[in-house]
Amino acid sequence: MSSLEKETGVPEATHHGAAVAGTQDIERIEAPVTWKAYLICAFASFGGIFFGYDSGYINGVLGSKIFVHAVEGPLVDKLSESNTSLIVSILSCGTFLGAIIAGDVADWIGRKWTVILGCAIYMAGVVVQMITGAGDALGAIVAGRLIAGLGVGFESAIVILYMSEICPRKVRGALVAGYQFCITIGIMLASCVVYATQNYTTSANYRIPIAIQFIWALILGGGLMCLPDSPRYFVKKGKLAEASSALARLRGQPKDSEYIQVELAEIVANEEYERQLIPSTTWFGSWANCFKGSVWKANSNLRKTILGTSLQMMQQWTGVNFIFYYSTPFLQSTGAIADSFLISMVFTIINVFSTPISFWTVERFGRRSILFWGALGMLICQFLVGIIGVTIGFNHTHKVGDATVANNIPAVNAQIAFICIFIFFFASTWGPGAWIVIGEIFPLPIRSRGVGLSTASNWLWNTIIAVITPYMTGESRGNMKSSVFFVWGGLCTAAFVYTYFLVPETKGLSLEQVDKMMEETTPRTSAKWKPTSTFAASKAEGGYVHAETA
């Protein structure tokens, strides 16, 4: 009799080479994790560099006179609102389409190969962007960003899915938060590159920031080729041997380890349980499964899809991308900042160093708590920026020669300080928190499509905000100036209320236990829920879980 049998009272056996031993002990459903396993899980988060670098480099490039001349002509010193909107938003349009497609591709060829395919598409888009300046500059940058966007859509949806499925439950939040950390590093690297090339007098001024994107795709794609695919993907395909091998590599344990068998048993048992609730069907039917059930039932597929998509919508509604897409031209127009590129870089540095706080808080206080208090902090900062701006700050300017100068420069500096505090709250709460939750709430049969839809929602609203912001703040359009922060403040208030009523607490639970928690509790009481049994114990006959190999 093995030690596992003695401790759990569940015997071990095999069944056509496809049986795994279960356990009744809820504390033993995962293997101890080695440093090697941590590093494997953390590497995938490097994909956040794509997202962040794209957000950061375009902000600086839009402020480049050489780029403006290439797009608008040598006599124009500023991009039109329509071209600014098009160049920024077209990447988000591509990522929206990519994220929608990625879920199907991930179920077809696997999680890691979908990300690798996304890297290849991304590199093709970078090559097209490099043509900018030869012939139709606007056409090249727009086409290149659209193609690159498809690749980023693959990566942003499936990296979250992959990480959520391979990370140990007790540190899953911290490791998935590493994805947001890499986003912030990408933004900072973009700011550094743009700052370093801003005085170049040739097309290298904007081509170097564009070309460096190629490196990130090579690193991520090349590295993932050496890593295992998700064990949960293999279980979904009925390939238990591959699932066992992948799980053993991820946990740093031998394949025949009792820990590996027990964790695999729990995954298989949950997959069987979910398969009874969500049977396999046609391609159209599998998409329809994402929208089945009542909106009033917390554990329905429809409710989970709405939760995932609306959570990403709320993250975009905070207004953070206004800071990172448009802060350079916005600050240039105040006349209060001598070096707006430098201030923009300060924003990104704060973003980078605030994010790691979430590695601890997300596991110490939970997902729901940091989203709730983060929304409160952000709404206060946004309203303060708006109030200062319309009373004594940026909205009050005068002309000195051809330059626009703020009447009260200390007031504008105070606005910038509160923007920095806002970035701190976002980076340590909603930045990582929204990505963590969408990777945890969906059952395995619809997980790839659910995460894909949620990520697509992020990019859809990213696109909408990128399109409308130049019209809201452009001098010849809405010219809202500081009043735009009242819009973001109001939306942060909506996120605050939304979190209280609709976001569940998933801290410390396996993905399989999250399903059970959402079935048995409500968002407001979810933090008190504790698992009382394992899926393997509930589903197995005589302690065994059976699945046919493909």
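Q: Which helices each supply at least two residues of the lining of the largest cavity?
A: The model is a predicted one, and the structure holds 6 cavities of 30 Å³ or more. For the largest cavity, the volume comes to about 130 Å³, and 14 residues line this space, with F51, Q180, I183, N321 and F426 the closest to its centre. The helices that each give at least two residues to that lining are α3 (48-62), α8 (172-197), α15 (301-317), α16 (320-332) and α20 (409-438).

Q: Which helix gives the largest share of the lining of the largest cavity?
A: Several helices each contribute at least two residues to this lining, α3, α15, α16 and α20 being among them. The largest share of the lining amounts to 4 residues, and the helix that supplies these residues is α8.

Q: How do the residues of the lining of the largest cavity divide into nonpolar, polar and charged?
A: The residues closest to the centre of this cavity include F51, I183 and F426, together with Q180 and N321. Over the whole lining, the division is 7 nonpolar, 7 polar and no charged.

Q: Which residues of the largest nonpolar core touch the most other members?
A: In the protein as a whole, 61% of the 550 residues count as buried, and in soluble globular proteins nonpolar side chains tend to be buried together. The largest nonpolar core takes in 121 residues, and those that touch the most other members are F67, I87, L311 and W430.

Q: How many residues of helix α23 are buried?
A: Helix α23 covers residues 511-520 and is mostly covered. Its buried residues are L511, E512, Q513, V514, D515, M517 and M518. Out of the 10 residues of α23, the number that are buried is therefore 7.

Q: Is G63 buried or exposed?
A: G63 is found in the loop between α3 and α4 (65-72), and its C-alpha atom is separated by 9.4 Å from that of D77, 14 residues apart along the chain. Because its relative accessibility is 16% and the limit for burial is under 20%, G63 counts as buried.

Q: What is the relative accessible area of P279?
A: P279 is found in the loop between α13 (258-277) and α14 (283-288), and its C-alpha atom lies 9.0 Å from that of N289, which is 10 residues apart from P279 in sequence. P279 is partly exposed, because its relative accessible area falls between the limits of 20% and 50%, at 47%.

Q: What is the distance in space, C-alpha to C-alpha, between I349 and I423?
A: I349 has its place in helix α17 (residues 340-354), where it is partly exposed with a relative accessible area of 33%. I349 and I423 are 74 residues apart in sequence, and in space the distance from C-alpha to C-alpha is 10.0 Å.

Key: Residues numbered from 1 in each chain as written. Predicted model: local features only at pLDDT ≥ 70, side-chain atom pairs only at ≥ 80, totals over all residues. Heavy atoms only, no water. Buried < 20%, exposed > 50% of the residue type's maximum accessible area, 1.4 Å probe, protein only. Core = buried A, V, L, I, M, F, W, Y, C linked by side-chain atoms within 4.5 Å. 1 Å grid on protein atoms, 1.4 Å probe; cavity = no way out; pocket = protein on both sides within 12 Å on 5 of 7 lines; lining within 4 Å. Points joined across faces, edges and corners; volume = space filled by probe spheres on them. Nonpolar A, V, L, I, M, F, W, Y, C, P; charged D, E, K, R; others polar.
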